[in-house]
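Dear colleague,

Please find below the structure that I am handing over to you. My notes on it follow directly after.

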Amino acid sequence: MELAYVCEWEKRPKSTHCPSIPLVCSWSCRNLVAFSTDLKNDDDDKDVSHMIHIIDTEHPWDVYSINSGHTEVISCLEWDQSGSRLLSADGDGQIKCWSMSDHLVNSWESVLSSSVDGDPIVALSWLHNGVKLALHVEMSGSTNFGEKFSRVKFSPSLTLFGGKPMEGWLAVTVSGLVTVSLLKPGGTLLTASESLCRLRGRVALADIAFTGGGNIVVAATDGSSSSPVQFYKVVVSVVSEKCRIDTELLPSLFLRCTTDPLRREKYPAVTHLKFLTRENSEQVLLCASNQSGSIVECWSLRKEGLPVNNIFQHRSPVVGEKQPTILKWRILTTTNDLERVSAVALPKLPISISNTDLKVASDTKFCPGLGLALAFHDGSIQILHRLSLHTMGVFYGSSSSAQRPGDESTIKRQRAAGPALHFKALQFSWTSLALAGVDNHGKLHMLRVSPSMGQVLEMNTTLRHLLFLLEYCMVTGYDWWDVLLHVQPSMVHNLVEKLHEEYMRQNQALQQVLATRIVAVKASLCKLSTATAARACDFHAKLLLIAISATLKSLLRPHVLNTPDKSPGDRLTEICAKNTDTDIDKVMINLKTEEFVLDGPPLQSLQQLIQWVGDFVLYLLANLPNQGSMVRPGFGFMRDGASLGMLREMLVMIRIWGLLKPGCLPTFTATSDSQDNMQLLFRLLTKLWLCCKNSVQFLVTS
């Protein structure tokens, strides 16, 4: 199947959902899904709570619900680029910024707010931070991440001193106002509002996109298909500590269906208006509807030559003179008559749409990022190609009246079930491999989207597609939960090995940046198969080991402030890597012990972390006789020279700190009171490290 259910969730406490009120949802790069519902008290129909629900897609049973405090229906939800802050806007012009408390997914608080009193918000967006990547399918076989995922030159919407992007948000109201709120470095808001044009009119639908030059483009319509769709350029600046907004009218368009005599009155209302991507203001998707059907049109803004009157064509051309040009909207493609569209979702994967990339994607059947989703009132969902609008995949809901060929049971279920459920809001994940939708009863649904749209692929091709998307998540820092939905247990070992090979081909600087991310990806992959469950434990332990090592090294301070190039932690790593002595005291001689001097209280507070390191080393050494068993946790560390070297470094630090404060040392039950436990652990660990370093099979005997 092209699409399949993953899970569904329903919130029904002592209240009931108000089905007449529209629903919205938003999906963050951390795979957090936020959606709104409106709950009314059974005893008082006027008592309506406007709720925001946030779930982690990996644990959909853990839901955090917020009573938003909005006085009107929530009309917009928008995550920031980091996935840690959420904007919500309502029908009374109130905008609230929600942020995690202490970096906890299940704890949110409203930290900032702005308002345009009594003016409903119809479009909302964070200002662009200037970061844009292009994903090149043509280069998916390259060994260089920089060629696969290139940085596109793109200017932030607004910059501070030194070129740092300024944070903030922009909203469009139903009366034609554009309001901007800027977050100053001190934490205060700088707010301003301006009319989109001199003659303000009603705005029923709007969308926001950004240009590479740092400008903002707003598309707006009054909801009537016979009226033009207007476009405005918005420029935000800060002058004399005040926010300034300048607007300019851009070329507009009329829907093609209104110029067709056969369809002029058929679709009276514009129900959906969206730019194809937030970084491309030159392509827009429009949907016009009536009570029973819809039509979708895709338009593109092009530069065309301006015709010159014959009178001026006969004069002698001037050297270097160019033909005058104008910007004009041209229709790319349109659909046939469709069922009535209830929701639209656009892809977030920034796939390059050059001719070469599109050809390679077509040849290899790589579909993520190329399809947009349309949900219909009969409960079905179609995936259409974002440029040609031809059908790539279809999902039939359990109550859909659109049945598969030969499926008569669907009609029987439809008659028995009553009115069909349909999606009121729909969102793609950040790799376009999953869909989240909220139906007209307030229930959240998760659907898996096939990378090949159900086309049969060879195993190597499937692995290459999944590896490509995992690498993208690793480079960007986005969550990869939706990629894991398509990984079969038999693929895990090959994906882990190929991912490690690609990682090792990168330069040293990039490897250092991605060091923890690749471990986290490997841990997630290994959890999908019982055969690699022990390796998942090893990868999670390595993440904790890296965190503890970074914490302990961060406490070291140079004895002289004007020290040259290397920090105490870097010198410790260098000395331990060169010195292969099994005597821990001889390794300490080469270190400047004054750099390890800490006060008593901080040392004692580290005792639990120090104890964990000691217990972990002891566990690894005790499991050496079982080194041939991959099913036992710890197997991966016995062949991981980098992790063993990290443990040696921490034992040296613990040894020095133990001389300053013996109470911080790890405690062990020894066979002799005179036995030096730290010395013995270091000696055995060093022998294991040397054997691993020289890639020689070993067997240590006491």
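How many salt bridges does the count come to? The count comes to 19 salt bridges, a salt bridge being a side-chain nitrogen of Lys or Arg within 4 Å of a carboxyl oxygen of Asp or Glu.

Two remarks on the basis of these values are in order. This is a predicted model, in which local features need pLDDT of at least 70 and side-chain atom pairs count only at pLDDT 80 or more, while totals for chains, interfaces and linings use all residues. Residues are numbered from 1 along each chain as its sequence is written, and side-chain values use heavy atoms, with hydrogens and water left out.

Overall composition

The protein chain contains 17 helices and 32 strands; these are DSSP runs numbered from the N terminus, with helices (H or I) of at least four residues and strands (E) of at least two. Of its 702 residues, 50% count as buried, where buried means under 20% relative accessible area, exposed over 50% and partly exposed in between (1.4 Å probe, protein chains only). The accessible surface of the protein chain is about 33,100 Å², and 52% of this belongs to carbon and sulfur atoms; the areas come from the Shrake-Rupley method with a 1.4 Å probe, and for residues only the protein chains shown count as cover. Among contacts (heavy atoms within 4.5 Å) between residues at least 6 apart in sequence, 61% join residues at least 24 apart.

Salt bridges

One of the salt bridges joins aspartate 337 to lysine 266, with 2.7 Å between the closest N and O atoms. Aspartate 337 belongs to the loop between E24 and strand E25 (338-339), and lysine 266 to the loop between helix H2 (256-259) and strand E21 (269-277), so the pair ties together parts that are 71 residues apart in sequence. Aspartate 337 is partly exposed at 40% relative accessible area, and lysine 266 is partly exposed at 35%.

A further salt bridge, at 3.1 Å from N to O, is formed by lysine 578 and glutamate 574. These two residues are four apart in helix H12 (residues 568-578), which means that about one helical turn separates them. Lysine 578 is exposed, at 64% relative accessible area, whereas glutamate 574 is partly exposed, at 28%.

Aspartate 676 and arginine 655 also meet in a salt bridge, at 2.9 Å from N to O. Because aspartate 676 lies in the loop between helix H16 (641-660) and helix H17 (677-693) and arginine 655 lies in helix H16, the pair ties together parts that are 21 residues apart in sequence. Aspartate 676 is partly exposed, with 32% relative accessible area, and arginine 655 is buried, with 13%.

Aromatic rings

The count of aromatic pairs is 13. Rings of Phe, Tyr and Trp (its six-membered ring) pair if their centres lie within 6.5 Å; planes under 30 degrees apart count as stacked, over 60 as edge-to-face and the rest as tilted. The ring centres of phenylalanine 231 and tryptophan 329 are 4.4 Å apart and their planes stand at 25°, so this pair is stacked. The pair links distant parts of the chain, 98 residues apart: phenylalanine 231 lies in strand E19 (residues 229-239) and tryptophan 329 in strand E24 (residues 325-334). Both phenylalanine 231 and tryptophan 329 are buried. Elsewhere, ring pairs link Phe145, Phe149, Phe366, Trp430, Phe468, Tyr472 and Tyr478 into a cluster.

Yours sincerely
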